[in-house]
Amino acid sequence: MHQAGVSALTQLLQYPPPEEDHRPLPCSCGHSAHYKELRSKTLLTVLGAVQLTRPYYLCAHCATGQYPVDVELGIAGLESSPGVRRMEAVVGGEMPFALGCEPMKVLAGLDIPAKAVERAAEAIGAQIARRDEHEIARAKQLVLPLVSKQNIPEMYVLMDGVQVPVVPAETEGRTGRAEDQRARTRECELGCVFTQTCVDHEGWAIRDSDSTTYVGAIETAEEFGFRLYSEAWRRGWEWAKLKVVIGTGGR
Ligand SMILES: [Zn+2]
């Protein structure tokens, strides 16, 4: 069935050359890119490797080429489809990249090098990080998203941090804990948010199952505070009747 899908998809991905009276495309240099020829590339999809043929445009001024179809399909400069990259990111987020090749083979029938799993996971991770940074920056300005009213009897926020040893390149430009000393460690912070509604037969509070979300980062406690606050806020902090924060007493 995957092979049948590959045949069908390959046929769908044969784009014709543009009409005779097509307009040139704008180029980032300010000039225009003109249609040059049809070009093919192999693309790995969830069905397998397919052949994509689409128009290629070239700017005579700056010699930059572009494929409008690739942008439309979300594969500009990439060798795998969004579907495959999603799988790679999920697998790469759950296990070491090299081990990720095995489930890709067994579950999806795809032969993928560990490097591809790493690239996809890192790229999507970077996108998530940028989105988080944006939310945290807004939280600092007290521009918080609207969170619909919820019935939360008790919400807990837990946090802790630890100094992790790192290679010199990771501490460049940072000062150590003692003055005039190069930093050899960086702060690694972890926090979680969960709710509690019941107690056990002895009256001890029980965490609601599946209610925990985590945030973690290698950053200072101050930066992390905003990250954790954003997460608690997203979970409905403002609606919690009882708010509990547990830390280790560190700064
Ligand atoms: Zn150009």
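Select Ala-63 to begin: this residue is exposed, since 9 other C-beta atoms lie within 10 Å. The model is a predicted one, in which local features need pLDDT of at least 70 and side-chain atom pairs count only at pLDDT 80 or more, while totals for chains, interfaces and linings use all residues. Residues are numbered from 1 along each chain as its sequence is written.

**Two loop residues with positive phi**

Ala-63 sits in the loop between strand 3 and strand 4 (65-66). Helices (H or I, at least four residues) and strands (E, at least two) are DSSP runs, numbered from the N terminus. Although Ala-63 is not a glycine, its phi is positive, at about 60°. Next, select Leu-142, in the loop between helix 5 and strand 5 (152-165). Leu-142, also a residue other than glycine, has a positive phi near 60°. Leu-142 counts as exposed because it has 6 C-beta neighbours inside 10 Å.

**The domains and the cores**

Colour the chain by domain: domain 1 (2-79), domain 2 (84-135) and domain 3 (152-246). These bounds come from an automatic or database domain assignment. The centres of domain 1 and domain 3, taken over C-alpha atoms, are 45 Å apart.

Now display the largest nonpolar core, which has 17 residues; Leu-43, Met-104, Leu-110, Ile-112, Val-117 and Ala-120 have the most contacts inside it. Strand 2 (32-45), strand 3 (48-59), helix 3 (82-94) and helix 5 (114-140) each contribute at least two residues to this core. The core lies between domain 1 (2-79) and domain 2 (84-135), because both give residues to it. A nonpolar core here is a set of buried Ala, Val, Leu, Ile, Met, Phe, Trp, Tyr and Cys residues joined through C-beta atoms within 7 Å.

Centre on Met-104, which, leaving aside neighbours within four places in sequence, is in contact with Met-87, Val-91, Leu-110 and Ile-112. Two residues are in contact if their C-beta atoms, placed from the backbone, lie within 7 Å.

**Helix 5 and its partners**

Show helix 3 with helix 5: their axes are 8 Å apart and the packing angle is about 90°. Axes are lines fitted to C-alpha atoms, for helices over the stretch in contact, and angles run from 0 to 180 degrees between N-to-C directions. Among the residues making this contact are Arg-85 and Val-91 of helix 3 and Val-117 and Ile-124 of helix 5.

Phe-97, Ala-98, Gly-100 and Cys-101 in helix 4 meet Ala-114, Val-117, Glu-118 and Ala-121 in helix 5.

Which residues does Glu-118 touch, not counting those up to four places away in sequence? They are Gly-92 and Phe-97. Glu-118 counts as partly exposed because it has 16 C-beta neighbours inside 10 Å.

**Thr-213**

Finish at Thr-213, in strand 8 (residues 213-218). Leaving aside neighbours within four places in sequence, Thr-213 is in contact with Cys-192, Val-193, Glu-231 and Arg-235. Thr-213 and Val-193 are 20 residues apart in sequence, with 5.5 Å between their C-alpha atoms.

Notes:
A residue is buried if 20 or more other C-beta atoms lie within 10 Å of its own, exposed if 12 or fewer, and partly exposed in between; C-beta atoms are placed from the backbone.
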